[in-house]
Amino acid sequence: PAGMEEQALLEAGREVLELVTAGDFQAVRAALRPDVAETVTEEELRALAARQLEGAGDFRRVESSMTTGQSSDGEDYGVAVVYCKYSKKNVLFRLAFDTSYELIGLEVRKP
């Protein structure tokens, strides 16, 4: 989206990715924009990650990443898409940020 820089979006995504892989869901929730944080608990974030990372093994490295811009309900936002190598399976992270680089969405899944 206008006003967002690709490198800044990727960096914001990688910072949240590091928090998820470190298991720091208090910090993940703190990174969420306040209106979004009100809708999810730290425990729900932890459960999401545990469910989606089950069987993936240990985090190894970021394989590749890209960004995309999207719009929903009249709000433009950027998405950092990060493909990660784990010891047993690959994992895809999609991290959505508003134009102020506040986290508004997080998806973790094994492609």
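Guide: Residues 24 or more positions apart account for 49% of the contacts in the chain with a separation of 6 or more, where contact means heavy atoms within 4.5 Å. This is a predicted model, in which local features need pLDDT of at least 70 and side-chain atom pairs count only at pLDDT 80 or more, while totals for chains, interfaces and linings use all residues. Residues are numbered from 1 along each chain as its sequence is written, and side-chain values use heavy atoms, with hydrogens and water left out.

Visitor: In what order do the elements of the chain run from the N terminus on?

Guide: Helices (H or I, at least four residues) and strands (E, at least two) are DSSP runs, numbered from the N terminus. Here the order is α-α-α-α-β-β-β-β.

Visitor: How does the radius of gyration of the chain stand against that of a compact globule?

Guide: The radius is taken over C-alpha atoms, and the globule rule is 2.2 Å times the number of residues to the power 0.38. For 111 residues the rule gives a value near 13 Å, and the chain agrees, with 13 Å. Along the principal axes, its C-alpha atoms fill a box of roughly 40 × 30 × 20 Å.

Visitor: How do the 4 strands pair, and in which order?

Guide: Strands of a sheet pair through backbone hydrogen bonds, either parallel or antiparallel. Two strands count as paired if DSSP finds at least two bridges between them. In this model the sheet is open, with the order β1-β2-β3-β4 and antiparallel pairing. Its edge strands, each pairing on one side only, are β1 (59-72) and β4 (103-109). From one strand to the next the twist averages 15 degrees.

Visitor: How many bridges join β1 and β2, and which residue is the partner of Met 66?

Guide: β1 and β2 pair over 12 bridges, and Met 66 has Val 81 in β2 as its bridge partner. Their hairpin has 2 residues between the strands, and Asp 73 takes a positive phi near 50 degrees there.

Visitor: What joins β2 to β3?

Guide: There are 9 bridges between these antiparallel strands, and a hairpin connects them through 3 residues. Tyr 77 stands opposite Asp 98 in β3. Further on, β3 (residues 90-98) pairs with β4 over 6 bridges, and Arg 94 faces Glu 107 in β4.

Visitor: Which strands does helix α1 lie across?

Guide: Axes are lines fitted to C-alpha atoms, for helices over the stretch in contact, and angles run from 0 to 180 degrees between N-to-C directions. Helix α1 (residues 6-22) lies across β1, β2 (75-86), β3 and β4, at about 125 degrees to β1. Helix α4 (residues 42-53) also packs on the sheet, where it touches β2, β3 and β4, and its direction makes about 30 degrees with that of β4.

Visitor: Is Arg 33 buried or exposed?

Guide: Buried means under 20% relative accessible area, exposed over 50%, and partly exposed in between (1.4 Å probe, protein chains only). Arg 33 counts as buried because its relative accessible area is 16%. By contrast, Glu 44 is partly exposed, at 43%; Glu 44 belongs to helix α4.

Visitor: Where is Arg 33, and what is it in contact with?

Guide: Arg 33 sits in the loop between α2 (25-31) and α3 (34-37). Leaving aside neighbours within four places in sequence, Arg 33 is in contact with Glu 75, Asp 98, Glu 102, Leu 103 and Ile 104.
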